[in-house]
Amino acid sequence: MIKKQLLPFLFAIISFAGLAQPTEGMDFIKAGSWEEVKAKAKAENKYIFLDGYTTWCGPCIMMAKKVFPLPEVGLFFNQNFINVKVQLDTTANDNEHVKQWYKDGHFLMTTYGIRAFPTYLFFSPDGEIVHRAVGSSDAETFIGKGKDALNPDKQYYTLARAYANGNRDPEFLYKMAYASQAAYDQENLKKYASGYLATQQDLLTDRNIKFITDFTQSSGDAGFAIMMENQSKFDEAKKEPGYTANLVRNIILKEDVFPVIFKSREMKSTDPEPDWSKIEKTVANKYPAMADQTILNAKIVYYQRKENFPRFSAAISQMVQKYPNGLHAGMLNSFAWTVFENCDDIACIKQAIAWSLASVDKTNDPMYIDTYANLLHKSGNTPDAIKWQKKAIAQLKEDGEDTEEFEETLAKMEKGEKTW
């Protein structure tokens, strides 16, 4: 009798528990058109989340496989949005549903200037664009993007409309510059950034130095000349010698050197060697103090792409000798690892050992120590390699990091086996 009385109560608990469970992942509707999506959102009084993706985009695929299906992501977005996915490229394998969206996809891309993938667009229940975000992220960050889309104080297009209506407050312009960067709105980014700088009497405060480095992308930007003329001040603020020269040099390379030495995406062994002297003279006419270092940097990139590792190594060694701060620790480590993986020439390896040690001296990073140890091992100096690999492992353990891969490398060194 008691058991019979308990059964309805137990069924109620089970049913309630089932109802309380969150929906598994985001629910994307299969609408036939953009107008249909807007009509559904208006009828249900819900915002629209639009995932603009392409079939070839790695971050898009990652989000679809690992983030969109998560229960916490589904719970938030399904409650607050009508969710729709729109493929923005075309392929021979497109099904009829994708083809049905070709016209609307083109409209969305051109109307909202989508040039990076994935791009997320957010619309009000009335179909008005309110927010924009780009790129892959973890679940928490992605949900944060959705929360921003519901907040008028953070909605990118709502803020842009305030600018159009005349808001020129310096703090608002500062906020708009970073908002446009996060939204990948390249067309308006310069407008907001230069507008903010025009309101500043002292451009060399730590805050403004960071702003200038964050928003200087070309020689035509207002910050470029400021950086050129105040490199030591910028380096001091960033606490990294050579930091500013590196930023300036990258802009010069992008505008004045790479278009000359990389005339096509595919490099052939038969391609003629660039006329380095001629290119250096061209650069020197515009940037006399930067020409030599810029050409050395160009040679490093060129010979790496050409897979000419002896010349690649020689160019890096020249850079390190002539400009000790010309390459930051991360670059030195990356280049040294490239040699470790691709070059068997002992002279090449010994050169890489020198820059690898320089990266270790600058940071004492266990990843960089591992690179140095591997190079020592490849050069034949296995006893020292083992000492340094043990040092890397000890540092990782102290930092609470996983050491399994490093331990495997150490075991190979101790057995005299190759690690490359």
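Colleague: Why is Asn297 counted as buried?

Modeller: Asn297 has 4% relative accessibility, so it counts as buried; the term means under 20% relative accessible area, with exposed over 50% and partly exposed in between (1.4 Å probe, protein chains only). This is a predicted model, where local features need pLDDT of at least 70, side-chain atom pairs count only at pLDDT 80 or more, and totals for chains, interfaces and linings use all residues. Residues are numbered from 1 along each chain as its sequence is written, and side-chain values use heavy atoms, leaving out hydrogens and water.

Colleague: Thanks! What does Asn297 touch?

Modeller: Not counting residues up to four places away in sequence, Asn297 touches Asn246, Arg249, Asn250, Leu253 and Met319. Contact means heavy atoms within 4.5 Å. Asn297 lies in helix H16 (residues 291-306); helices (H or I, at least four residues) and strands (E, at least two) are DSSP runs, numbered from the N terminus.

Colleague: How do you know that strand S4 is largely enclosed by the rest of the structure?

Modeller: In S4 (residues 129-134), 6 of the 6 residues are buried, so the strand is largely enclosed.

Colleague: What makes H19 and H20 roughly antiparallel?

Modeller: Helix H19 (residues 346-363) and helix H20 (residues 366-379) pack at an angle of about 155°, their axes 9 Å apart. Axes are lines fitted to C-alpha atoms, for helices over the stretch in contact, and angles run from 0 to 180 degrees between N-to-C directions. Under 35 degrees counts as roughly parallel, over 145 as roughly antiparallel, 65 to 115 as roughly perpendicular and the rest as oblique. H19 and H20 are therefore roughly antiparallel.
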